[in-house]
Amino acid sequence: MGNKIKITFLNIIPLVLMIGLIPFILNDYILTFLYILIIFISFSIKKESKEIKLFFLGFFIMIISEIIFTSTKVEVFERNTLFGLMPLWLPFLWGYGFIVIKRFIKIYNF
């Protein structure tokens with residue numbers, strides 16, 4: 001069990017870092033660049049089969065979902081550099097979130 005917790009912690013570090021940067025990096029373009037860099041470094045350290053496909057699946061599914069949510073006013077973003085609706089960095093965060101969820105499912109055999 002201890003090893004699973006260690007692996008969980010290591011897998012969540014990039015996601016926590018990405019979320020933690022949001023209030024400090026107010027320029028969405030710089031934040032997006034940093035997200036791409038974090039994701040690239042993370043994948044260079046560990047990338048499993050088909051994770052790039054899963055990343056892009058999450059990336060595009062969440063763009064569509066966020067467009068629906070923002071168009072119905074369920075969500076409203078103050079930072080709206082992507083299509084005037086949402087932050088440019090948000091799909092990258094969601095895409096990597098899909099990777100972390102997949103890894104958790106594998107670690108804990110859900």
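1. A quick word on terms: on a 1 Å grid over the protein atoms alone, a pocket is an open set of points with protein on both sides within 12 Å along at least five of seven lines, and a lining residue has an atom within 4 Å of a point. Bear in mind that this is a predicted model, with local features needing pLDDT of at least 70 and side-chain atom pairs counted only at pLDDT 80 or more, while totals for linings use all residues. Residues are numbered from 1 along each chain, and side-chain values use heavy atoms, without hydrogens or water.

2. The largest pocket is lined by Leu-10, Asn-11, Ile-13, Pro-14, Leu-17, Ile-38, Ile-41, Ser-42, Ile-45, Lys-46, Tyr-96 and Arg-103. Two or more of the lining residues come from each of α1 (2-21), α2 and α4, and α1 gives the most, with 5 residues.

3. On pocket volume, the figure is about 200 Å³ for the largest one, taken as the space filled by probe spheres set on the points.

4. Now the helix pair. The axes of α2 (residues 28-45) and α4 (residues 90-108) come within 10 Å and cross at roughly 25 degrees. That makes α2 roughly parallel to α4 (angles under 35 degrees count as such; axes are lines fitted to C-alpha atoms over the stretch in contact).

5. As for who touches whom, Thr-32, Tyr-35, Ile-36, Ile-39, Ser-42 and Phe-43 in α2 meet Phe-92, Leu-93, Tyr-96, Ile-99 and Arg-103 in α4 (contact means heavy atoms within 4.5 Å).

Conventions
Axes are lines fitted to C-alpha atoms, for helices over the stretch in contact, and angles run from 0 to 180 degrees between N-to-C directions. Helices (H or I, at least four residues) and strands (E, at least two) are DSSP runs, numbered from the N terminus. Angles under 35 degrees count as roughly parallel, over 145 as roughly antiparallel, 65 to 115 as roughly perpendicular and the rest as oblique. On a 1 Å grid over the protein atoms alone, a cavity is a set of points where a 1.4 Å probe fits but cannot get out, and a pocket is an open set with protein on both sides within 12 Å along at least five of seven lines; lining residues have an atom within 4 Å of a point.
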